[in-house]
Amino acid sequence: QRQPLEAVILAQLGECHLAAGDAKRARKAFQASAALARRLGDAPGLAQALAGEASALVAAGLRGGPVPGLLKEALQAAPESPFPHRAEAELLAAEGRLREADAALERAISRARKGMPEEVPGLTARRKRLNAPDERT
């Protein structure tokens, strides 16, 4: 029988695939995580998985399509989660809207400080990279 930890592991697998540049596998892992989180009624897990799927689509070059809907659903599932704001920042940065991306990352950091302090260093590093033009290329 599946355990709640499996949704977390699937989301982390998606993050690993994303970091390795495999957006297609990342999306599949995030979709599996979202399906399990839905069945378990795990709103924070669902938010993370949906935001991860949006990030995978952005990494694959998609800006529209399902991305805005995934972000909206993630925010509705867990407004306090940093993950939807991180994914929104990735979308905005990909669109060249760097000030808005910076603001989204600040929201993600603020939420992480309140409930997921372990995410703050990674989010802060993303924000630093975003604001260092020579490193964005």
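**Close-up 1. Buried residues of helix α2 in the predicted model.** The buried residues of α2 are Ala23, Ala26, Ala29, Phe30, Ser33, Ala34, Leu36 and Ala37. They pack against two helices, α1 (4–19) and α3. In an α-helix, residues three or four places apart point the same way, because there are 3.6 residues a turn.

**Close-up 2. Span and end of helix α2.** Helix α2 has 18 residues. From its first C-alpha to its last, α2 reaches 25 Å, close to the 26 Å expected at 1.5 Å a residue. Just after the helix, Gly41 takes a positive phi of about 70°.

**Close-up 3. Crossing of helices α2 and α3.** The axes of α2 (residues 23–40) and α3 (residues 43–59) cross at roughly 160° and come within 8 Å. The angle is over 145°, so α2 is roughly antiparallel to α3. The crossing of α2 past α3 is left-handed. On the α2 side, the contact is made by Ala23, Ala26, Arg27, Phe30, Gln31, Ser33, Ala34, Ala37 and Arg38. Helix α3 contributes Gly45, Leu46, Ala49, Leu50, Gly52, Glu53, Ala56, Leu57 and Ala59. By class, this contact has eleven nonpolar, four polar and three charged residues.

**Close-up 4. Surroundings of Glu53.** Glu53 is found in helix α3 and is one of the α3 residues in the contact with α2. Its relative accessible area is 7%, under the 20% limit, so Glu53 counts as buried. Leaving aside neighbours within four places in sequence, Glu53 is in contact with Arg27, Phe30, Gln31 and Leu70. Among these, Arg27, Phe30 and Gln31 belong to the α2 side of the helix contact.

Technical notes
Residues are numbered from 1 along each chain as its sequence is written. This is a predicted model: local features need pLDDT of at least 70, side-chain atom pairs count only at pLDDT 80 or more; totals for chains, interfaces and linings use all residues. Side-chain values use heavy atoms; hydrogens and water are left out. Axes are lines fitted to C-alpha atoms, for helices over the stretch in contact, and angles run from 0 to 180 degrees between N-to-C directions. Helices (H or I, at least four residues) and strands (E, at least two) are DSSP runs, numbered from the N terminus. Angles under 35 degrees count as roughly parallel, over 145 as roughly antiparallel, 65 to 115 as roughly perpendicular and the rest as oblique. A crossing is left-handed if the near helix is turned anticlockwise from the far one by less than a right angle, and right-handed if clockwise. Contact means heavy atoms within 4.5 Å. Ala, Val, Leu, Ile, Met, Phe, Trp, Tyr, Cys and Pro count as nonpolar, Asp, Glu, Lys and Arg as charged, and the others, Gly among them, as polar. The expected span of a helix is 1.5 Å times one less than its number of residues. Buried means under 20% relative accessible area, exposed over 50%, partly exposed in between (1.4 Å probe, protein chains only).
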